[in-house]
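Student: Could we go through the salt bridges of this structure together?
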Amino acid sequence: MLEQALLADDHGSLARQLDELAVAYSSGDVSRAAILVLAADEWRQAGQPARALECFQRALDDGGESGIDPRAGIADTLFELDRPGEARDVIETLRAEGTTTPATAHNIAETLVAYGDLQGGLEWATQAVLTCAEDDPEHVALLRTRYRIRLDLGLPEDELDSLIS
């Protein structure tokens, strides 16, 4: 289903199918929350951020494992909907909790950079690199994101930058 919709570049249809699947889903190898996050991403690709926001919220309410904390998607979508104050409140809540996964922190760093907050993105990427296990696949991606942000800020290389191979 995913592959066919992506090949057809039909994000709206895929989002609907994933949304319907989540409603009817009872159990399986993937959580309902993960399906809802996929649906939300597809709604965003289809140009329907309000529907994406609803799916991210449903994923959060579901509480299942979803790869990244759905609140990262909520924050990104709130920025897209020109509600930056609410987006920053969500991000601040995540920061205060101090329990974000490297993938969630990476998502937040990229969101902040996309909406012009390079310093905030650097802080999230740096903290994530420092707490991420070196054998975690996210580690190298975080190092690269952090390096790119530092270049955009005009900062010189540092010891963490030298870890990129």
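Predicted model: local features only at pLDDT ≥ 70, side-chain atom pairs only at ≥ 80, totals over all residues.

Student: How many salt bridges does the structure hold?

Tutor: There are 14 salt bridges, each being a side-chain nitrogen of Lys or Arg within 4 Å of a carboxyl oxygen of Asp or Glu.

Student: Which residue does R32 pair with?

Tutor: R32 bridges to D62, with the closest N and O atoms 3.4 Å apart. Since R32 belongs to helix 3 (residues 32–45) and D62 to helix 4 (residues 49–62), the pair ties together parts 30 residues apart in sequence. Helices here are DSSP runs (H or I, at least four residues), numbered from the N terminus.

Student: And is R146 buried or exposed?

Tutor: R146 is buried, at 4% relative accessibility; buried means under 20% relative accessible area, exposed over 50%, and partly exposed in between (1.4 Å probe, protein chains only).

Student: What does R146 meet in a salt bridge?

Tutor: Its partner is D158, at 2.6 Å from N to O. R146 lies in helix 9 (residues 137–152) and D158 in the segment after helix 9, so the bridge joins parts 12 residues apart in sequence. D158 is partly exposed, at 23% relative accessibility.

Student: Which residues form the network with R146?

Tutor: Salt bridges link R146, R150, D158 and D161 in a network.

Notes:
Residues numbered from 1 in each chain as written. Heavy atoms only, no water. Helix = DSSP H or I, 4+ residues; strand = E, 2+ residues; numbered from the N terminus.
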